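Me: I would like to go through a structure that is new to me. Could we take it piece by piece?

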Amino acid sequence: MHATWLTDAVCLTEAGTGFWRLALRHVEIREGRIAALHADPPVPRAGEMVMAAAGLLVIPGLVNAHTHSPDNLIRGSAPDLPLELWSLHSAAGREQRSPREVYLSALLGCAEMLRGGVTTVLDHIRFSPAMAPETLDAVAQAYRDAGMRAVIAPVLADRAVADTMPLEPADLAGLDIAAYGSRPAMPAAEQIALVTDFVRRWHGHEGRLSAAIGPSAPQRCSDALLLAAGGLAARHDLIMHMHLLETQAQREMGLRLYGRGMVAHLVELGLLGPRLNLAHALWLEEGDLDLLARHDAAVVHNPVSNARLGSGTFGLRRMRAAGVRVALGTDSACCNDSNNLLETMKAATLLTRRPDLAPEAWVTPGQVLSMATSGGADVLGLGAMTGRLAPGMAADLTLLRIASPAFAPLLDVVRQLVLGETGAAIDSVMVAGQLVLRHGRCTTLDETAIWAEAQALAERRLRLVLCKPGISGSNAIALPTPSTGLDRMVQALQGYTNGTPKAPRVFARHSPCLAPADYSTSSVARFCPNWKMISMLGRRAQAVSRPHRLQC
Ligand SMILES: [Zn+2]
């Protein structure tokens, strides 16, 4: 197979974790991999493609180790609330998605991430009411079409929402609990069978797609489901990815369920090990860091989501000191509100800086860049494949224009990249040697068409929900006319926010119903009349949580 050459590229290579070296190199790419980084100019043979990379900084493609693609289609819809409330609020927007919506939602994330220099992503995909082969395939197809490297982890859960919160029966008195959170889950065996089939269909596809097992979180799964998931991961040598201890309420729930910390419970189940990676890990018990390190489990740090939801502070400095492997994630576009890993790198770096710590203890931009590249790849089980600029590694590369605001003048490339670059300098992105972004635009996707379709779908949902029969009286909001374009939608929304003092509140009450086009009247009714109950559940869950010292 003919080679592709990137000539005269300024290459940023990792020289030990947290340390980076710059060198002018000519990158030889064969069969999707980096064949060599030459110091001397190449003499390309006939038919070989040469891409002049003078003035471009080449870095390993970034790894986003935690996101949820279905949330891309409800970006911007979630209010500024803590996780328990946010979660109940945003859940309606994911209900009963068609495969097309699921596909499009994943493509939205692909376009955004490629433009942001991300070449590899872990997509923890959750569906409601349940996953189905068609929707799982739609996600995999999106990554296949976009040309990204993806680890796809279907979310498993078998406990009703109301049963995952630390509530007493008295907390629920007078509430129609049957109307929400009591939907029977798909049986564990059925979920495992669906994921097993998905693994068979897609794991290893084109060398770019892989499957992982994704229990939502310990408290959302029975022990039987967690053990079955662990068994499936072990049988197929896959990573297992789940949320852990994102809020105080979750810690409280874990203590009630297990009579000990969740990490200790995972040890007891035999699940804490090198293939397990845990998103968030904010509310740990004393001694958990040692357990994580001793069992070589990894953690995915999502600093922007943690801050957006007011979840707590991640102990990055202590994690590193304990020897825990850490990757970076954005979390979903509904609780971030982007998939921008550059922004995440900056947040991760700066949030370790406190007045009571000596500057020597602060995490450096170089260390965080390692977490976003080789560290992320390692946590996702792809450390031998991607995340480094080195011969034999996949040609997953992000190329940035040095003649850009963040690099002018160029004095410390790593600091300027991690703390100053927004994505504006990203020129091209290559995944497995294929140019998937060129001059800032996706080559594999029609971004304009994707954005237009997403807008139309969002408007359709909004219109259907707001005009549903059964929502009446003081709850009624009807768009003045069927909205067909962005300007008319914006106009309609402005009517609520700039209208009578009552209007914004009324609108907010209905946003949990910002939901699928296929919503039946009964589905809408299931959520809207119970908004008060949903709020109470979430607030109660937070209120009953015992105070706990953060371990930063
Ligand atoms: Zn998440």
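Reply: Helices here are DSSP runs of H or I with at least four residues, numbered from the N terminus. The model is a predicted one.

Me: Good. Where is Ala-188 found?

Reply: Ala-188 belongs to helix 4, which covers residues 188-202.

Me: Is Ala-188 buried, exposed or partly exposed?

Reply: Ala-188 has 19 other C-beta atoms within 10 Å, so it is partly exposed. A residue needs 20 or more to count as buried.

Me: And what does Ala-188 contact, leaving aside its neighbours within four places in sequence?

Reply: Asp-158, Ser-222, Ala-224, Leu-225 and Ala-228 are its contacts once those neighbours are left aside. For Ala-188 and Ala-224, which are 36 residues apart along the chain, the C-alpha atoms are separated by 7.7 Å.

Me: Changing topic: how many residues are in the largest nonpolar core?

Reply: The largest nonpolar core has 141 residues. Those with the most contacts inside it are Val-58, Leu-107, Cys-110, Leu-114, Ile-152 and Ala-212.

Me: Which helix gives the largest share of this core?

Reply: Helix 2, residues 99-115, provides the largest share, with 10 residues.

Me: What about Cys-110, then: which residues is it in contact with beyond its neighbours in sequence?

Reply: Leaving aside neighbours within four places, Cys-110 is in contact with Ala-142, Tyr-143, Ala-146, Met-148 and Leu-445.

Me: On to helix packing. At what angle do helix 11 and helix 12 pack?

Reply: Helix 11 (residues 341-350) and helix 12 (residues 365-379) pack at about 135 degrees, and their axes are 9 Å apart. Helix 11 is therefore oblique to helix 12. The crossing is right-handed.

Me: Which residues make that contact?

Reply: Helix 11 contributes Leu-341, Met-345, Ala-348 and Thr-349, while helix 12 contributes Pro-365, Val-368, Leu-369 and Ala-372. By class, 7 of these residues are nonpolar, 1 is polar and none is charged.

Me: How do helix 12 and helix 13 cross?

Reply: Their axes come within 9 Å and cross at roughly 65 degrees, so helix 12 is roughly perpendicular to helix 13. This crossing is left-handed.

Me: Which residues meet there?

Reply: From helix 12, Pro-365, Gly-366, Val-368 and Leu-369 meet Val-414, Arg-415, Leu-417, Val-418 and Leu-419 of helix 13. The residues of this contact divide into 7 nonpolar, 1 polar and 1 charged.

Me: Now the backbone. Which peptide bond into Asp-337 is cis?

Reply: The bond from Asn-336 to Asp-337 is cis, with omega near 15 degrees. Asp-337 lies in the loop between strand 14 (325-328) and helix 11. A cis peptide bond also joins Ala-408 and Pro-409, with omega about 0 degrees. Pro-409 is in the loop between strand 15 (397-401) and helix 13 (413-420).

Me: And what is phi for Asp-296?

Reply: Asp-296 has a positive phi of about 60 degrees, although it is not a glycine. Its place is in the loop between helix 8 (288-294) and strand 13 (298-301). Asp-296 is partly exposed because 14 other C-beta atoms lie within 10 Å.

Key: Residues numbered from 1 in each chain as written. Predicted model: local features only at pLDDT ≥ 70, side-chain atom pairs only at ≥ 80, totals over all residues. Helix = DSSP H or I, 4+ residues; strand = E, 2+ residues; numbered from the N terminus. Buried ≥ 20, exposed ≤ 12 C-beta atoms within 10 Å, placed from the backbone. Contact = placed C-beta atoms within 7 Å. Axes fitted to C-alpha atoms, helices over the stretch in contact; angles between N-to-C directions. Parallel < 35°, antiparallel > 145°, perpendicular 65-115°, else oblique. Left-handed = near helix turned anticlockwise from the far one by under 90°. Nonpolar A, V, L, I, M, F, W, Y, C, P; charged D, E, K, R; others polar. Core = buried A, V, L, I, M, F, W, Y, C linked by C-beta atoms within 7 Å.
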